[in-house]
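Me: I have a structure open and would like to go through it piece by piece. Can you take my questions as they come?

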Amino acid sequence: MYLRYIGLFLLTGLGGIVSGFMWLVPNGLMGGALGMSLSAATLWLGLKQAREGVAPSDRYAVVTGAAAGLLGGVCMAAISVLCGGIKRYEFGPPALPVWAPLIMGVLYGVVLLWCYHRRLTARHPFWSTLGKACGLCFLLKVIATFIYEGLAEQGTSDLMSLATESMLLSLLGAVPFALFWVLATAWFDPAWSPPKGQAERR
């Protein structure tokens, strides 16, 4: 069991790093930190479920995801600050202020832990979780990038170019992150498939 926990942390961390392969430093490192932080949340939910005999409520899962996302956000902010002097490519994620990773970490935590928790009521848990996670993370990243860069550039870029760039960055970053995180979690999380007949508290 403990080996599976270790594997879960290592694989979600590695998946987060690989998801930022085009901009490994700092984005890949930030993805790794977030992936491992969110795995701490799934571990917490799984242990709570095993101890109490029923699955936690949706609200509890979301709050746990937000807390884990905040932890990941703190780690991402620290990495962003430490790597602040690194040269960035012309096309790629922009340099972020300290508060941005904190907010995005919380949002990713809420989205992914909600998707993870809803697997319990899905007919096809893996595909349902994967589809929701990738779709919602794509939308989250597109909207966040569009708003942030739109405000940062203050009208110097046309909306079509900004929307296209936001979608490309999301497809190359947020979607792979969600994909690898769900794959690793479904493979290594001991609580992914709960005992049949286990009740869920709402």
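Reply: Start with a cluster of rings: Tyr-116, Trp-181 and Trp-192 are linked by ring pairs. Keep in mind that this is a predicted model.

Me: What sits over the ring of Tyr-116?

Reply: The charged end of Arg-119 does, 4.0 Å from the centre of that ring. Arg-119 also lies over the face of Trp-192, at 5.4 Å from the ring centre.

Me: How many aromatic pairs are in the whole structure?

Reply: A search of the whole structure gives six aromatic pairs. One of them is formed by Trp-99 and Tyr-148, with 6.3 Å from centre to centre and 70° between the planes, and it is edge-to-face.

Me: Where in the chain are Trp-99 and Tyr-148?

Reply: Trp-99 is in helix 4, residues 99–118, and Tyr-148 is in helix 5, residues 125–153. The pair links distant parts of the chain, 49 residues apart.

Me: And is Tyr-148 buried, exposed or partly exposed?

Reply: Tyr-148 counts as partly exposed, because its relative accessibility is 23% and the buried class stops at under 20%.

Me: Why is the pair of Tyr-108 and Phe-177 called edge-to-face?

Reply: The planes of the two rings, Tyr-108 and Phe-177, are at 65°, so the pair is edge-to-face; the cut-off for that class is over 60 degrees. The ring centres are 5.9 Å apart.

Me: Which helices does that pair tie together?

Reply: Tyr-108 lies in helix 4 and Phe-177 in helix 6, so the pair ties together parts that are 69 residues apart in sequence. Tyr-108 and Phe-177 are both buried.

Me: New topic, pockets. How much space lies in the largest pocket?

Reply: About 710 Å³. The lining of the largest pocket has 33 residues, and those nearest its centre are Leu-96, Met-104, Tyr-108, Lys-141 and Thr-145. Tyr-108, then, turns up both in a ring pair and in this lining.

Me: Which helices supply the lining of the largest pocket?

Reply: Helix 1, helix 2, helix 4, helix 5 and helix 6 each give at least two residues to the lining. Helix 5 has the largest share, with nine residues.

Me: What about helix 3, say Ser-80? Is Ser-80 buried or exposed?

Reply: Ser-80 is in helix 3, which covers residues 58–82. Ser-80 counts as buried, because its relative accessibility is 10%.

Me: Which residues is Ser-80 in contact with?

Reply: Met-30 and Leu-96, leaving aside neighbours within four places in sequence. Leu-96 was also among the residues nearest the centre of the largest pocket.

Me: Back to the start of the chain. How many residues has helix 1?

Reply: Helix 1 runs over residues 2–19 and has 18 residues. From first C-alpha to last, helix 1 reaches 26 Å, close to the 26 Å expected at 1.5 Å a residue.

Me: Which residues of helix 1 are buried, and what covers them?

Reply: The buried residues of helix 1 are Tyr-5, Gly-7, Leu-8, Thr-12, Gly-13, Gly-15, Gly-16 and Ser-19. Their cover includes helix 2 (24–52) and helix 6 (159–188).

Me: Last one. How many helices and strands does the chain have?

Reply: Six helices and zero strands. The chain has 202 residues, of which 42% count as buried. Of the contacts between residues at least 6 apart in sequence, 80% join residues at least 24 apart.

Technical notes: Residues numbered from 1 in each chain as written. Predicted model: local features only at pLDDT ≥ 70, side-chain atom pairs only at ≥ 80, totals over all residues. Heavy atoms only, no water. Helix = DSSP H or I, 4+ residues; strand = E, 2+ residues; numbered from the N terminus. Expected span 1.5 Å × (residues − 1). Buried < 20%, exposed > 50% of the residue type's maximum accessible area, 1.4 Å probe, protein only. Contact = heavy atoms within 4.5 Å. Phe/Tyr/Trp six-rings, centres within 6.5 Å; stacked < 30°, edge-to-face > 60°. Lys NZ or Arg CZ within 6 Å of the ring centre and 35° of its normal. 1 Å grid on protein atoms, 1.4 Å probe; cavity = no way out; pocket = protein on both sides within 12 Å on 5 of 7 lines; lining within 4 Å. Points joined across faces, edges and corners; volume = space filled by probe spheres on them.
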